[in-house]
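Subject: Structure handover

Hello,

The structure is below, with notes on what was found in it.

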Amino acid sequence: MYLELPKKLKVLGDMATNLSVEMLRPISRKYDLAEHDYPKELDLVASMLDGMNDGEGGAGVGADQSKQKKEENAGVRNGANMAACVGIQGFCWGDVGLLLTLPRQGLGNAAIGAVANEEQSKRFQGKWAAMAITEPGTGSDSANISTTAKQDGDYYVLNGEKIYVTAGSRADIIVVWATLDKAAGRAAIKSFAVERGTPGMEVTRLEHKLGIKASDTAAISFTDCRVHKSNLLGNPEIDTKKGFGGVMQTFDNTRPLVAAMAVGVAKAALDRTKELLKDYTQLDYSAPINSVASAEAEIYRMEADWEAARLLTLQAAWMADNGKPNSMEASMAKAKAGRACNAITLKCVELCSGLGYGEDELLEKWSRDSKILDIFEGTQQIQQLIVARRLLNLSSAELK
Amino acid sequence: MSRDPIGLAMATMSRIASSSLVEKMGLRTTIEKLTYQGTKTGFQALGAASRQFKSVTQLLRPERLEAPAQPKSQFDLTISEEQQMMRDSVRAFATEVLRPAASNSDVECTLSEDLLSQANELGLSYFAVPENLGGAATERSPVTSMLIAEDLAYGDMGLAVAILSSIGVANALTQWGTAAQQSKYLPAFLDENLLQAAIAVNEKRPLFNANQLSTTAQENAGGYVLNGAKTMVPLIDKAELFLVAADLNGKPRVFLVESSTEGVTIALKPNMGVRAANMGDLILEQVSVSKDALLGEDTFDYEAFINMARLGWCSLALGTAQAVLDYVIPYCNERVAFGEPISHRQSVAFMIANIGIELNAMRLMTQRAVALAERGKPFAREAYLARVICADKAMEIGTNGVQLLGGHGFTKEHPVELWYRDLRAIAVMDGGLHL
């Protein structure tokens, strides 16, 4: 038992943090103010990352590295899932909005990684993929989506409207969740990779948001959009036994990544707050928490919560790396990291007073950015539902 | 300090019967019984009559356990097969022996002789004493100690403390003791009549800070003179040896004090919880100890000593919190209100989810700090943060455990009220254990 990162992951984390310092922080405020402008500086970052990913044998920063390791390996692995978490943390210490719009590093890539067959993985390699799940009438209950896919020869015809598609106006591919047969329930929900420019797919709106403004959030409509059947990810059969498992499995992989984003943002706020407060506080990790100044106690509590979130995230990723089912732990990590990050970033603004609330510092931005991390990829409440069902051994019909 | 009549009688009796004489004349049981009766009613009395400690093996230099050989420095949540076997047997003992005895031990404020001898059969103290002194320890094993503490506390926290108190003293002597201290005391932890001992750090004042002690040690030609009062000391009327934290020239250090040293008095002072641990106050009035009584050399790390206790309490919190979780799950699945099990309501289910999430967090934080300590790396920050999380979340879990059972949880029909009382100790306690 040992809960420290191996050297190679520490190096990776440092690299991501350095990259954040040099390339993300300097443009962080610029794209927070210029919502909907594409941060062209990221093209350089993305190609650097491609190089890193290829060179490091998978120990990259990007979300597309998050593959469930199933093969038996001698000994314990600290593999691609952990590396992705460490890298993402370092990046989001820089700017989570910019990470979310990094070419070829989208959550859609993780979805492809989780459910695509070998041919598809190969065909979509190097492409930037976005995820389109949410609909105007369907948020957290993603089993209830109403975008339809009707088979017509070698094609599926998609109809419906998707919202909150991160990188939806910038990605090469939109991974769309649609139902083959609404009456057949969850089992009929499949994901389709729709390439940019496919007739019938149209970006109809870009959202104006509270935070992560550097990242575009699109509404996309599908009107008789024809997608070749080879772009259906995974198995085309409606298997009621396996049910929702296929598409939902994506989340076991992506939730630790979103948790890692939260860990990175929270760390940014905590680091900066400690720096701003250094003349006012003395943190020696020795005096009892009830005997120190109130601000010091707040920092200790935030730091403890932050470490807890970080370790839960690493646990979920470590389990994935070592072929252990991690569905509950992934949700635990997402729940804890999401709420800890939001609470920490908001408290940091409070502790830094006017300095924290103003736009001269990034603290107020992080406290806006953090809110989405407790919402997307499954809200706090959805994570708790998943954890509770697991612990109590209840079905979704019993614990609604 | 004036003694009450029973205390005075005890003092006289003890003065007549030096400890070795008591042993010889078969009076030990009588004395202990009298001491017990006196303290049970809340009077101050002398500590347990201590045995005559003698060094069978005289070490020339202290035995130190090395950090275990580790193949790789990487993130790894697995435990060894040996640790798993150990866990299985300790967990079985905790569920089959400790849990059924918990309620009675809470009322009686003690670990029965029968339970103690059963616990001794587990041979846990062998893992605290190095091989050269007759034990079985070959390497540092705080991680194993953490797992054992968690599993014992799954049965009952108070009983776990009663069992682990002496082992904690042995661990501390193995980690910090001088050659003379180790030679003198460590073999006694393997005696058939196992040496009972306790670590005394806490003092009775609000906002207690283990770095700023009111108990003092004054150096003189012969050794040190100790003055002060300690509270929440486990096995108070049974311990023959105390490790006492005291301020020496402005810095906290730890002293070995035998219970029958002149000027040592004790009082059983039950707390709201952890009652089976037999906690009480240790009063030191002009207690003269020799130069040898100062624990360790100049390399002694008081902060690490304190943190090894705090991490011990974090480990106990894990076991008790897990007991809460495992208890509320079937309860809430079976308890029907408004026509369906209450677990089908999100307000109930989410409380349980949060117990699971925060307990998992507490466990990872504790494991991280303990694993660093085991490898001999700095762990003060990690221990501090583990304590912060465990102190907050353990109590939250304790109070929600009662809440989930409603009125039933408030009664002694169910163990959750005991766990509630026990878990309040995590944020309060210093000393008492050493992983």
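How many residues does helix α8 of chain A have, and how far does it reach from its first C-alpha to its last? Helix α8 (residues 294-321) has 28 residues and reaches 40 Å, close to the 40 Å expected at 1.5 Å a residue (the expected span is 1.5 Å times one less than the number of residues). Helices here are DSSP runs of H or I with at least four residues, strands are runs of E with at least two, and both are numbered from the N terminus.

This is a predicted model: local features need pLDDT of at least 70, side-chain atom pairs count only at pLDDT 80 or more, and totals for chains, interfaces and linings use all residues. Residues are numbered from 1 along each chain as its sequence is written, while chains are lettered from A and ligands numbered from 1 in the order in which they are written.

Of the 28 residues of α8(A), 23 are buried (20 or more other C-beta atoms within 10 Å of the residue's own, C-beta atoms being placed from the backbone). Gly323(A), which follows α8(A), has a positive phi near 70°.

In chain B, Leu268(B) is found in strand β7 (residues 264-268). Leu268(B) counts as buried because it has 22 C-beta neighbours inside 10 Å.

Regards

Notes: Buried ≥ 20, exposed ≤ 12 C-beta atoms within 10 Å, placed from the backbone.
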